[in-house]
Structures are given as C-alpha cells and as structure tokens.
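Thanks for coming, everyone. Let me put the model on the screen, and then we'll walk through a few spots.

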Amino acid sequence: MAAPGASPQAAASSSSSSFLGFSGNSRDPSLLPSRRVGGRGARNRKKGWKRWRGPEAKLGRDLGDWLEERVSELRHLGGPVSEKPDESLFFVDTSNEQQGQKEQAAKEKPLKIDSILQPDSKVPPPKDILSYQVPNGRKLKRKQRLWEKLAEKGLVPRKERLLQQRLQNPPKANTAGADSGTDPSREFYDIWADSNPLDKALAGQDAFFLEQTKKQPVKRPDRLKKTPSELPAMEIISPGGSYNPSFQSHQALLLQAFEAELVRQKAEERLQRQLNFPTAAEAPTQESVFQEQCEGLMEEDSEGEEGQGSPPRPPEEDQQAASGEASRLLTATAVREKKTEQQRKKEKAAKQLKARELSEKAARLRKQELFQLKSIRLQLKQREAELQRRKQRREAKRKLEAVKPKRLGRLKYEEPDVDVQLSNELAESLRTLRPEGSILKDRFKSLQKRNIIEPRERAKFKRKYRLKYVEKRAFREIT
C-alpha cells in the first residue's frame, strides 16, 4: 500500500520494491532524480559558461554564423548568392591567353634601373614658360602673316625663290676646277683617306703660300707620330702580387723586393761611410799632409839621392864610358860631313836591292796565299759571325734603352717600391684583402716611366716672411 501524498511513480515503484517510508513525504532513494552535473553557478564567471549553455546558446551561435555569412556575401558579392545570375557566378577559363598577356606585359615592363631613375611623384613638373619663348616672337609672327598674305598673291621670299630655282635647274658637275669646297654637287668622300677631292684645287701651288694663307694645314712632323716609349700604359704585375698567389711566385716577388731593399741599404751605408768623420788613428798628421803636398815635386832630387846612395863605380868603367862617348861624338861629326858620289851610288843600289827583295817577298806571299783559301774562308766566316753578334748586341742594347726612362730633367727616374705582402699578411679571401700602394701614385709613376712627364719632387714650402709672435692680453692675464 502506497503512502498517502506520494506520486503515482512512487506508488508504482513502491509496489515493486519493499521500501517503506516513515512519513508520507518519504521517497525511495532509487527513484530520486539524478543531480545535474556541475550544479548551478554564476553566469558571469568562466565556470558558468559551460553550465548555462543550452538550446538558446546554440540558437544564438547559429544565428551569428548566418548573419556573418550574409554580411560576407553582401560585402564580396553584393547580395545573396541565390539571387545572383549565373553569368556573375561563373566565368570561362582563359588562363592561356592571360598567361600570354602577362608574358607580353613582362617583356614590355621597363628594367629595374630605368624604373629607379623615373620620378616617384605622379605630379607632372611645372611647365617652363621661358623655354617656349622665342626672341622677337611678335616680329616673326607679323612677318609670317605678311608672307602668307603675299603667298596668296603669288609672291614668295627671295630664299624660297632661289631654292625653287635651284631645284628646277640643278647645277652641273664642277669640271672647270672651281672651288670644290663650296660646290654642292660634289660626291661623298672619305675624310680620312689619302686622296681628298678638296685638295685638287690646291695642287701645283706654292706650299709656303698655302700655309701662310691657312688653306693647307701644317704637316705634322714624323717625330710627333712616334710614342715617347715602347712600354705599355698598363703593366701587368707579377703573379706573386695577386691576393692568392702560389708559393713559388710569392717567394720570387719577396726576393725581388729584398734585392731592391739591399741595394738601397748599401747606397745608404756607402754615403754614411763617406760622410763619417775620421777617427783619431785615421786623422791626417803634419808629416802626411806635407808628403801629400810634395808629391811630384821631388823626382829629380830623389834620383840624385838614389845616385848618391849608390856605390861608386870603378875607374875602368869610367874609362870605357868616356871612350864610348868619344866614339859617339866622332860618328856624329862623320855623319855631318858631305857624302861622296861613290857613297851615294852604294846607298842607291842598296835601296833598290831592298825594294826588289820586298816586292819578291810580297809576290811569293801572294802565291802562298792561294794555298790558304780554306783558312781565309774560315777567318771570313768568323769575322762575319763576330759582326753579326755585335749587331745583335747593339740591337738588344737599343731595345733596352728604348724601354728605359730617359733623362728629361734634373732628376733621375726612381723605381717605386714593390707592392708586396709578407707571408703572414696574405689574406684568406678577397673580402679580407688589405690594399697595397696607391692608384694615383702608380699612374703618376707610369707617366714618368713612359717619358711623358719629367720626374718631379714635392715642392718645399719656403716661408717668405718670418713668424712674428705676439703675446695676447688674455694670455698675459692668465700667466
């Protein structure tokens, strides 16, 4: 039997269960409604967002999506898609034609460098009114209107009349030798060719007269056509001067720089030795100075001293010397005497005999030379070879002198220092390379080496007036 006041479900469940409540409001625990997950909570908290979601929230979300879709269609398509015609929603695919148009536009598109040079502003520059102004514009306009009126009557200006007459009657070819420089009927010609038709009228006239009347230019001398030096304007450096040289080429360049520095150092040491003051041991004394002053003045005395210092000769030698001197004097006196006829005949015969012997000897030597043809040919070949070798040596010397810089001024040309880096200074890449030398100095030295300009030195500043020091009042107050 169900408790009074119970619900029909409770009554039905009580009939099937053995639960018996103590009061009329008692309910079966198995029939109690399940507790809602999460329970109730505040709607303004984050915890309550999921608790209070329900049909109305879903309906709000659907409504928001629908409104966003309608707004998007209105913004992109101008209205609902269902109301749009098919022509506005579909199109014919012409991608190939568009691709061709894009390629054509790309070809016609200016280069980047040209676009950079174009002005950024789209506003056109102001019109320069002064560039459109013509001097005496009003006067020219009035004259133009006047000639237009005269042209209606059949009158034309003199220039126009002469031009029409020239076109109607073209001039004949100039065959009478008139001034071909002002002849309009002349043919075209090469101005750089050797045969110039303008020079035909000057043929046969005096060269001095033509030069003085400036009808013929002065002939350029051949010496001005030659280059001052055979050296090239740009000399290629040795391979050791590159930023990544090989070991052998770099060592060769280092050796070249070392030899140049060694020569410079030896010259400095030589100059220093010449300018050094002598030491006490090397200083000249009075005796050495007197001996230097007497050099070449005491030769006779020295010979006399040597004679005095020599041992005395014996009397036999003195007698022999005296007899020899007497015999020389006698022969000298005998020569001075007049020769007899017989002596002259003997001398003449001796001379003729000697001349005949010499001629016979020369003829005999000439006959013997016939058997020496081979040796003579060999000597001639050796002589020719020696002459050819000398000629080649002179040519090599001449070529070497043509390459060397000449002495154009009071200073001699000095080779610049070799631009070289040590082994520990070589860069690993071109980005980290440290430049050596100066391009301006290199070009200046090249002009000097090619005999275009003379070697020069930096001008020294010479003060014209001496400096004058003035003590200012402010400095005096501080001190």
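Is asparagine 136 buried or exposed? Asparagine 136 is exposed, at 56% relative accessible area. Our cut-offs: buried is under 20% relative accessible area, exposed is over 50%, and partly exposed is in between, with a 1.4 Å probe and protein chains only.

Ground rules. This is a predicted model, where local features need pLDDT of at least 70 and side-chain atom pairs 80 or more, while totals for chains, interfaces and linings use all residues. Numbering runs from 1 along each chain as its sequence is written, and side-chain values use heavy atoms, without hydrogens or water.

Back to asparagine 136. It sits in the loop between helix H6 (112–117) and H7. Helices here are DSSP runs of H or I, at least four residues, numbered from the N terminus.

Now asparagine 451. Its phi is also positive, near 60 degrees. Asparagine 451 lies in the loop between H16 and helix H17 (473–478). This residue is buried, with a relative accessible area of 10%.

On to H16 itself, residues 439–449. Which residues of H16 are buried? Lys445, Ser446, Gln448 and Lys449. They lie on the same side of H16, because they cover an arc of only 160 degrees around the axis. That arc is taken from the directions from the helix axis to the C-beta atoms. The face turned away from the buried side carries exposed Ile439 and Leu440.

Last stop, leucine 77. It is in the loop between helix H3 (55–76) and helix H4 (86–89). Leucine 77 is partly exposed, at 40%.

Note on methods: Helix = DSSP H or I, 4+ residues; strand = E, 2+ residues; numbered from the N terminus.
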